[in-house]
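Open the model in your viewer and keep the selection tool at hand. The tour goes from the core to a sheet and then to a helix.

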Amino acid sequence: MGILNALRLTNSRPATDAIVSPWTDAQLKSFVWSDVFGNTDNVPVTRAEAMRVPAVAKARNLIAPLIGRQPLKVLDRTGALVEQPTWTYRSDQDIVSMAHVLTWVADDILFLGHALLSVKRGSDGFPVSIDRISPDRYTITNGSILVDEKPVDARDVIFVPGLVDGLLDIGARSIRGARYVEEAWVGRVRNPIPQTVIKETTDQTNISDERAEGIVRQFNEKRRDPDGATTYVPYGLAVEALGANDSNLFVEARNALRIDIGSFVGVPSTLMDATTVQASLTYENKAGERDRFYVEALPLYAAAIEQRLSLDDVVPRGQRVRFDFSELYAQVPTPTGAPTED
């Protein structure tokens, strides 16, 4: 198996920051991988790289904070418990609330496809408090979990598998493409005139290479000047623009990327601020897109947390954990779902 295949497998499994953590700043990656492999299209994308893409940041900020700020409830056959476990509403940290913890758990699931929690248990064996473990602190290899490079007891952690693959895996190509589009767009803003050729028109001009480089450099500087709409061309030279202004291409490409990123994470295109074919949407259509977001996108990530925290190592048999979405689902009679057996 080649090393690039090994890296792809490493990035697709629920585990492994051993080679490059998805939570690094990507500076080392961009230097080392490009020097070693040349083409870095198959190298794992980091979270820092992904969050520099506006569409990714939009999707993340729609999903993770919305889930994080909803209260967790433990229910039994009769409904919500009168006295909720302390871990559902408070953390042991001084300045970090459960909303913050749950937001970043949802963030981990969205980007990586899983999350890891640390847990403190009481004398009855059930959690007293839970906290998120940052992905740059742990690795998972062959089912063994190392936190800070040390093995941990299975009772001290809760592994939360996602219901879908992480965006850094399935959306890697689109994320990298979005970065290319962004770089091209910024470059075009700095040089809004299409690519230009300055050429000699007579055999007598005979400009040296050094002089030609100076002319090109001066031309580029002038056209980036706010007052550089007009330029002077000396005798013997001609300026020719290659192709038309392709600003529409950038608009369409950036719009398509918003739709693609939204498709990966389940967010309707209008909520991603993407322009659809029918630009004049009615209020009912917008409300329908919002409802689709609640039904299709949020459960992909909220349900992964709910179902894992409903297992018997977290709550007693016969109980389950749900987010209380009643403020969002005002028209839904039972936002926490009908009573079910584990």
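**Stop one: the core**

Select Ile-67, Trp-87, Ile-175 and Leu-309: among the 55 residues of the largest nonpolar core, these touch the most other members. Such a core is a set of buried Ala, Val, Leu, Ile, Met, Phe, Trp, Tyr and Cys residues joined through side-chain atoms within 4.5 Å. Buried means under 20% relative accessible area (1.4 Å probe, protein chains only). Now select helix H10, residues 283-309, which gives this core its largest share, nine residues. Helices (H or I, at least four residues) and strands (E, at least two) are DSSP runs, numbered from the N terminus.

This is a predicted model: local features need pLDDT of at least 70, side-chain atom pairs count only at pLDDT 80 or more, and totals for chains, interfaces and linings use all residues. Residues are numbered from 1 along each chain as its sequence is written, and side-chain values use heavy atoms, without hydrogens and water.

**Stop two: the sheet**

Which order do the three strands of the open sheet have? The order is S4-S3-S8, with antiparallel pairing. Two strands pair if DSSP finds at least two bridges between them. Strands S4 (127-132) and S8 (157-161) are the edges, each pairing on one side only. From one strand to the next, the twist averages 30°. Select S3, residues 114-121: five bridges join S3 to S8. Ser-118 has Val-157 of S8 as its bridge partner.

**Stop three: the helix on the sheet**

Select helix H5, residues 98-112, which packs on the sheet and touches S3, S4 and S8. Contact means heavy atoms within 4.5 Å. The direction of H5 makes about 145° with that of S3. Axes are lines fitted to C-alpha atoms, for helices over the stretch in contact, and angles run from 0 to 180 degrees between N-to-C directions.

Conventions
Buried means under 20% relative accessible area, exposed over 50%, partly exposed in between (1.4 Å probe, protein chains only).
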